[in-house]
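Hi there,

Here is the structure I promised to pass on. Have a look at it first, then read my notes below.

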Amino acid sequence: MTVYAQALHADLFGLPADDEPLPTALDALLQATHTATAPEQQTAILRQVAEQLRNAVEIIQRYQYRAQWDRLPDDVAGQLRDAHDQAQQVAQTLDLIAPAFSSPPAAPVTPGPQPRHIAGPPALPTPPAGRRR
């Protein structure tokens, strides 16, 4: 029943069905996140967002070069450089974390018994007193 409801919802709102390729426009990807229930779909959406960010990185870089060529104030090119670097970092991060949505979560690690008294660092021995002259 859930699959039928999701397909109907996708048809009514013009969203992609499970077997259709993902849209490339970010606004369409946003809509696809509302119906993406399968882990593979969620991973694919994150990968597509990362790809679109790499496209944005190229666009930003072109405008950075254009700002330098047109001799716009230095802060314009600098801010574009920062935006370029940040978008590139986000795309790389999405590439790294996207597979986590396709794999089952790991069992949580339960902490072992904790000692009642946690000893501090060992005391340093006092050096012997030197001889007086």
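Here is something to start with: among contacts between residues at least 6 apart in sequence, what percentage join residues at least 24 apart? It comes to 51% in this protein.

Before you go further, keep in mind that this is a predicted model. The average pLDDT is 78, and 62% of the residues score at least 70. Confidence is lowest in helix 1 (residues 2-13), with a mean of 55, and highest in helix 4, with 96. Where pLDDT is low, the predicted coordinates should not be read in detail.

**The overall picture**

The protein has four helices and zero strands, so along the sequence the pattern reads α-α-α-α. Of its 133 residues, 20% are buried. The accessible surface is about 11100 Å², and carbon and sulfur atoms account for 59% of that.

**Helix 4 and its neighbour**

Helix 4 covers residues 74-97. Its 24 residues reach 35 Å from the first C-alpha to the last, close to the 34 Å expected at 1.5 Å a residue. Which of its residues are buried? They are Ala77, Gly78, His84, Ala87, Ala91 and Leu94, and the buried residues of this helix pack against helix 3.

Gln64 counts as buried because its relative accessibility is 7%, and the cut-off for buried is under 20%. Leaving aside residues up to four places away in sequence, Gln64 touches Ala77, Leu80, Arg81 and His84. Ala77 and His84 are among the buried residues of helix 4.

Now try Asp82, also in helix 4. Its relative accessible area is 42%, so Asp82 is partly exposed. The C-alpha atoms of Asp82 and Gln64 are 9.9 Å apart, and the two residues are 18 places apart along the chain.

**Charged pairs**

Side chains of opposite charge can pair when their charged atoms come close. How many salt bridges are there here? The count is three.

- Arg54 and Glu51 form a salt bridge at 3.2 Å, N to O. Both lie in helix 3, three residues apart, which is about one turn of the helix. Glu51 is partly exposed, at 35% relative accessible area.
- Arg54 also pairs with Asp95, where the closest N and O atoms are 2.6 Å apart. This pair links distant parts of the chain, as Asp95 is in helix 4 and Arg54 in helix 3, 41 residues apart. Arg54 and Asp95 are both partly exposed, with Arg54 at 31% and Asp95 at 31%.
- Asp70 and Arg66 meet in a salt bridge at 2.8 Å, N to O. Asp70 is partly exposed at 37% relative accessibility, and Arg66 is partly exposed at 49%. Shared partners join Glu51, Arg54 and Asp95 into one network of salt bridges.

One last stop: which residues make the nonpolar surface patch of about 310 Å²? Look for Leu96, Ile97 and Phe101. Ile97 belongs to helix 4, and its relative accessibility of 38% is why Ile97 counts as partly exposed.

Cheers

Definitions and conventions: Residues numbered from 1 in each chain as written. Predicted model: local features only at pLDDT ≥ 70, side-chain atom pairs only at ≥ 80, totals over all residues. Heavy atoms only, no water. Patch = residues over 30% accessible without salt bridge, like charges linked within 9 Å, V, L, I, M, F, W, Y side chains within 5 Å. Areas by Shrake-Rupley, 256 points an atom, 1.4 Å probe, with all protein chains shown as cover. Salt bridge = Lys/Arg side-chain N within 4 Å of Asp/Glu carboxyl O. Helix = DSSP H or I, 4+ residues; strand = E, 2+ residues; numbered from the N terminus. Buried < 20%, exposed > 50% of the residue type's maximum accessible area, 1.4 Å probe, protein only. Contact = heavy atoms within 4.5 Å. Expected span 1.5 Å × (residues − 1). pLDDT = per-residue confidence, 0-100.
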